[in-house]
Amino acid sequence: RSGSDDRTFIAIKPDGVQRGLMGEILKRFEQKGFRLVALKFLQASEDLLKQHYIDLKDRPFYPGLVKYMSSGPVAAMVWEGLNVVKTGRVMLGETNPADSKPGTIRGDFCIEVGRNIIHGSDSVDSANKEISLWFKPEELVSYKSCAQDWIYE
Ligand SMILES: Nc1ncnc2c1ncn2[C@@H]1O[C@H](COP(=O)(O)OP(=O)(O)OP(=O)(O)O)[C@@H](O)[C@H]1O
Ligand SMILES: [Mg+2]
């Protein structure tokens with residue numbers, strides 16, 4: 001994939017769901033001009049979450065992270081667009097909300113690193129891994145967006 005076909009995996013974490021922030025978060029990606037390719041609302045299993053955060057398995061916060069992520073439903077999404085992986089991370093803010101600027105999702109809506117409401121892939125490589133971990137190929141919807149020609153020149 002290249003150009004405006006870039007894809008990233010975004011998940012609204014259990015705290016984001018419980019705090020009623022799903023609509024606000026979806027709205028930001030939608031208004032930016034990114035295109036929703038897949039969306040599901042689920043209670044993720046510990047196995048899935050362990051796999052999702054496998055790179056962090058040796059960190060002291062890993063067990064707590066898996067517990068937090070499995071403590072309630074999450075909204076898992078795939079968004080598509082030019083540089084969506086990198087721009088998505090900018091829209092999220094820093095890992096620690098205390099370092100996140102106002103205007104970013106974490107900067108605007110949360111306080112602690114262990115309750116930072118949203119996940120976003122950190123590279124094109126991890127995006128591809130995460131998308132195939134969370135979604136079956138047939139769950140990724142392809143359709144023509146009527147706004148495309150007004151978003152890209
Ligand atoms: N020091 C910490 N204490 C508690 N939780 C942490 C800590 N560092 C990271 N986490 C949790 O682990 C998640 C994954 O950490 P990572 O280093 O991948 O940051 P990130 O890429 O910004 O976050 P994410 O992968 O969830 O988008 C963080 O979002 C946060 O919820
Ligand atoms: Mg990460």
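Tutor: Let's start from the record: an unreviewed UniProt entry lists residues 5-142 as "domain: Nucleoside diphosphate kinase-like". UniProt positions are given in the numbering used here, feature names are shortened, and annotations may be inferred rather than shown by experiment. This is a predicted model, in which local features need pLDDT of at least 70 and side-chain atom pairs count only at pLDDT 80 or more, while totals for chains, interfaces and linings use all residues. Residues are numbered from 1 along each chain as its sequence is written, chains are lettered from A and ligands numbered from 1 in the order in which they are written, and side-chain values use heavy atoms, with hydrogens and water left out.

The span 5-142 is 41% helix and 17% strand, and its end C-alpha atoms lie 11 Å apart. Helices (H or I, at least four residues) and strands (E, at least two) are DSSP runs, numbered from the N terminus.

Two strands count as paired if DSSP finds at least two bridges between them.

Strand 2 and strand 3 (residues 74-80) are antiparallel and share seven bridges. Within this pair, Phe41 stands opposite Ala75, and Ala38 has Val78 as its bridge partner. Strand 3 is also joined to strand 1, by six antiparallel bridges. Here Arg7 is partnered by Glu80, and Phe9 stands opposite Val78. Strand 1 then joins strand 4 through three bridges, again antiparallel, with Ile12 opposite Ile118.

Strand 3 is largely enclosed by the rest of the structure, because seven of its seven residues are buried. In a regular strand, side chains alternate between the two faces of the sheet. On one side of strand 3 are Val74, Ala76, Val78 and Glu80, on the other Ala75, Met77 and Trp79, and all are buried. Strand 1 is mostly covered too, with six of its six residues buried. Arg7, Phe9 and Ala11 point one way from strand 1, while Thr8, Ile10 and Ile12 point the other way.

What does the covering? Contact here means heavy atoms within 4.5 Å.

Some of these residues return in the nonpolar cores. Such a core is a set of buried Ala, Val, Leu, Ile, Met, Phe, Trp, Tyr and Cys residues joined through side-chain atoms within 4.5 Å. The largest has 19 residues, and those with the most contacts inside it are Phe9, Leu49, Met69, Val78, Trp134 and Phe135. Strand 1, strand 2, helix 3, helix 4, strand 3 and helix 7 each give two or more residues to this core, and helix 4 gives the most, with five. A second, separate core of 18 residues includes Val17, Phe29, Phe34 and Met77.

Lys13 sits in the loop between strand 1 (7-12) and helix 1 (14-18). Lys13 counts as buried because its relative accessible area is 4%. Leaving out residues up to four places away in sequence, Lys13 touches several others, among them Val74 and Ile118. The unreviewed UniProt entry lists Lys13 under "binding site", together with Phe61, Arg89, Thr95, Arg106 and Asn116.

Note on methods. Buried < 20%, exposed > 50% of the residue type's maximum accessible area, 1.4 Å probe, protein only.
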